[in-house]
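Take a walk through this model, one local feature at a time. Keep the sequence beside the 3D view.

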Amino acid sequence: MRVELEGPPDADIMFVGEAPGETEDKLGKPFSGRAGRTLNNLLAQAGIARYQCIVTNVAKERPPANRISYFFEDKKCTIPKPKMQAWVNELKEDIELYKPNIIVALGATALWALTGEKKISIFRGYIIPCSLVPGVKVIPIYHPQAINYDWKLYFQSVLDFRKALRHSKTPELPEVKQIYRPNVNLPEFLAYMEECITNPEWDRLAIDVETVQPGSHIEELGLSHSPDFGISIFLLKGRIPTLPEKDELLLWQTFARLVKTKKIIMQNGAYDIGILWYNQHILIPDLYMDTLIAAHVCWPELPRDLGFLGSVCLNVPPWKSGSAKNELYNPADAANTFGISEVLDLELSTQKVRHTFNFEMGLIPVALMMQLQGIKVDRETQTELKEKWNTVMVEMKTQLDTIIGREINFNSPKQMQELLYGDLKLPAQYKRRKSVRDKRTLTTDAAALRKLAGMVPDNPIFNLILDYKKANTLLRFLDVKLSPESRVHTSYNITGASSDDEEDTKKTKRSFGRWSSSKSIILPFGSGNLQNIPPEARKMYLAEPGWTIIQADLIQAEAVVVSHLTGNTKMQQMFKDAFGLANKERKPYDIHVLKATELFGVPWEEVNKVQRKTGKVIRHARNYSAGPGVLANRLGITMSDAKKLIVADERVDPSLGLWHLSIQEELKRNRVLTNLLGRKHRFLDRWGDTLFRSAYSYIPQSTIGDLLNVSLRKVYDKLLEVPFEVKLLLQLHDALYPMVRNENVNETIKLLRDNMLHPLTYNNQEFTIDVDFKLHTSWAEGEELEINWKEVGDGIPKII
């Protein structure tokens with residue numbers, strides 16, 4: 001059936017989709033099926049009345065199997081067949097007849113028909129000219145059906161529709177006000193910097209640097225005092241300097257004077273500041289705003305790259321499009337960073353999250369210091385470990401090849417599937433799906449191998465494969481390039497780590513206040529992510545001679561927070577009674593033993609190791625509503641037994657379920673939760689279990705992430721006050737790792753405890769999470785300290 005355009009002839013907004021679907025084909029009405037319902041919801045959120053708009057599609061008929069490629073000659077859908085070309089011509093006539101003020105291109109096909117462009121991910125959210133009917137403006141937005149497949153696109157699409165509504169008042173394209181001065185000569189650039197220095201009204205300055213690798217050498221420097229102006233100068237062409245040495249020295253001397261007089265704005269300031277310090281030894285004394293951090297605080301689940309922020313915050317043409325950088329790229333980055341900062345400044349105040357922003361900005365110096373300092377590796381230990389695990393891997397491979405009868409690449413999913421499900425004819429194992437509508441995907445991951453091993457206990461290949469993969473993974477962390485000083489470096493990402501869905505191997509990109517780490521671009525030595533180093537690989541990270549690594553760890557931090565959120569007074573009292581005791585003295589206050597006594601009905605002293613482990617696993621799993629699959633996998637039990645355990649725990653501890661319901665009620669209001677230190681987070685997932693599990697974990701995990709970083713910043717500030725040297729090596733999970741000379745261990749432990757005890761409040765009840773300590777000669781091997789702080793009081797413990 002042909003599906004015609006609908007809407008009033010005087011509409012200001014025209015929506016153009018791709019083609020009718022099954023429901024539209026039956027009803028003869030555009031966007032009347034599932035995608036149409038999503039569109040209606042989006043419009044309601046944006047304040048747009050659909051009945052006042054024109055709604056149509058590029059193609060007037062439904063393609064077979066809903067494949068739009070049927071109407072094109074090529075796979076890339078750029079050469080239309082005659083029927084599609086006729087529909088495009090018809091669309092042109094409709095636009096000329098109805099003269100909408102703005103056209104919303106819903107998806108890539110509409111974008112192509114209206115502008116000739118194809119990459120919806122690059123152009124979405126920007127106001128761009130229509131090539132089909134020149135003079136008309138277009139805003140590309142993701143197709144509603146794409147949003148149905150990826151609900152994370154929903155909120156950003158609401159912002160895009162609101163932008164479309166704002167621009168529907170007039171037909172004119174936004175006026176381009178920006179003046180860019182790319183690749184200027186040295187006198188002009190120096191004159192601009194001098195003008196910035198002497199002009200008191202230009203109190204803020206956006207800086208953007210482009211670098212070449214390796215070495216992170218500055219290729220181009222861009223500056224902006226206004227969202228309407230950007231200027232840049234090239235310092236390198238390829239790897240060849242563009243200026244004589246004395247001229248470049250003059251430029252950097254002037255730049256150093258300039259940054260001392262202004263409030264500086266950057267995108268990903270931790271990198272740019274690090275580059276300027278490492279290469280030029282120029283310190284930025286007043287970083288007023290890192291727009292990446294500001295965006296993370298305001299919209300924690302939205303993208304934070306400059307191109308996305310420009311589409312949401314500004315009325316400028318897209319400047320990040322194309323694979324090759326044009327000459328306007330750098331000055332446009334500087335000017336648009338300035339413009340984005342003005343919008344985010346208002347948003348921080350509107351959302352009342354400036355305190356979180358200031359807190360995260362204060363972490364940049366610490367993160368940068370740890371990145372540039374790095375961690376020393378003992379080369380001799382590294383060599384020994386590499387030889388050991390290479391030998392193990394070869395032995396495992398030889399045994400496996402002998403048993404199987406041929407050589408297999410155990411890192412190849414295809415070959416592994418052929419072996420397990422073809423040759424051995426074992427039951428196929430599939431990745432867990434988020435929805436029954438999702439396609440089932442075969443897997444041979446570690447969980448699948450362990451499950452198969454349980455089915456065929458007499459076959460040794462499963463454990464051998466797991467051991468082989470373990471050795472192979474370990475070698476990737478051992479066989480790393482070291483700096484000339486035998487150091488590895490990591491880049492700490494303040495905007496945070498991903499939160500793992502307990503029942504899904506895929507990671508949901510959301511920051512809960514905890515840092516992540518990745519490969520350092522400035523100093524590219526090491527494996528990158530130091531937060532995932534296996535214990536065996538940590539053995540090569542030795543304390544320097546005469547020094548000791550101290551591990552200061554928040555004790556059962558998340559469990560303490562959950563006990564207060566759920567109102568579990570029994571657990572609260574146990575944590576309170578154990579506070580300040582030595583490690584061995586805390587054994588009568590073991591919450592995992594407590595859980596085991598509740599589940600199995602046995603006296604405290606009769607709880608065995610298996611029961612304690614069960615108590616520990618189910619406590620953590622149920623805190624965040626993990627299902628029976630997680631319990632069965634972690635405890636090595638059947639799904640039936642796992643379900644019985646959950647039912648039993650719900651009976652003995654109903655407070656968790658009530659807390660979960662309270663979180664769901666809070667989400668219904670505005671989908672925003674606030675942790676115990678005031679950090680807000682808007683959740684964008686589709687309503688359901690995935691959203692709920694993330695929300696349950698948010699307050700405990702983000703509170704502890706922020707608490708650890710409060711402690712880190714306080715310790716960092718104290719380093720200048722103490723009369724001895726302290727090297728902060730790592731921030732890892734719930735612990736800090738400083739290194740000090742042996743004679744200063746006692747004072748450092750006291751300093752750490754004093755600055756890590758931070759009172760928290762919930763429901764007008766104050767509580768504090770305790771800290772314990774280990775001493776390390778290497779990162780892997782630590783000695784647990786037995787310190788009774790109730791006896792030590794305000795004094796310094798005598799450890800060494």
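What follows moves from helices to cysteines and then to backbone details.

This is a predicted model, in which local features need pLDDT of at least 70, side-chain atom pairs count only at pLDDT 80 or more, and totals for chains, interfaces and linings use all residues. Residues are numbered from 1 along each chain as its sequence is written, and side-chain values use heavy atoms, leaving out hydrogens and water.

Start with helix α4, residues 108-115. Helices here are DSSP runs of H or I with at least four residues, strands are runs of E with at least two, and both are numbered from the N terminus. Seven of the eight residues of α4 are buried, so the helix is largely enclosed by the rest of the structure. Buried means under 20% relative accessible area, exposed means over 50%, and partly exposed lies in between (1.4 Å probe, protein chains only). The buried residues are T109, A110, L111, W112, A113, L114 and T115. They pack against β1, α3, β3, α5, β4 and β5, where contact means heavy atoms within 4.5 Å. After α4 comes G116, with a positive phi near 85 degrees.

Next, look at a helix pair. Two packed helices are described by the angle between their axes and the distance between the axes. The axes of α18 (446-455) and α19 (461-478) come within 9 Å and cross at roughly 155 degrees. That makes α18 roughly antiparallel to α19. The cut-offs are under 35 degrees for roughly parallel, over 145 for roughly antiparallel, 65 to 115 for roughly perpendicular, and oblique for the rest. Axes are lines fitted to C-alpha atoms, for helices over the stretch in contact, and angles run from 0 to 180 degrees between N-to-C directions. From α18, the contact uses A446, L449, R450, L452 and A453; from α19, F462, I465, L466 and K469.

Now the cysteines. A disulfide is a pair of cysteine sulfur atoms within 2.5 Å, and the count comes to zero. The sulfur of C53 is 17 Å from the closest cysteine sulfur, in C130, which is too far for a bond. For C298 the closest is in C313, at 8.7 Å, also too far. C53 counts as buried because its relative accessibility is 4%. C298, at 5%, is buried as well.

Finally, the backbone. A cis peptide bond joins Q213 and P214, with omega about -5 degrees. P214 lies in the loop between β7 and β8. N268 is not a glycine, yet its phi is positive, about 60 degrees. N268 sits in the loop between β12 and α10.
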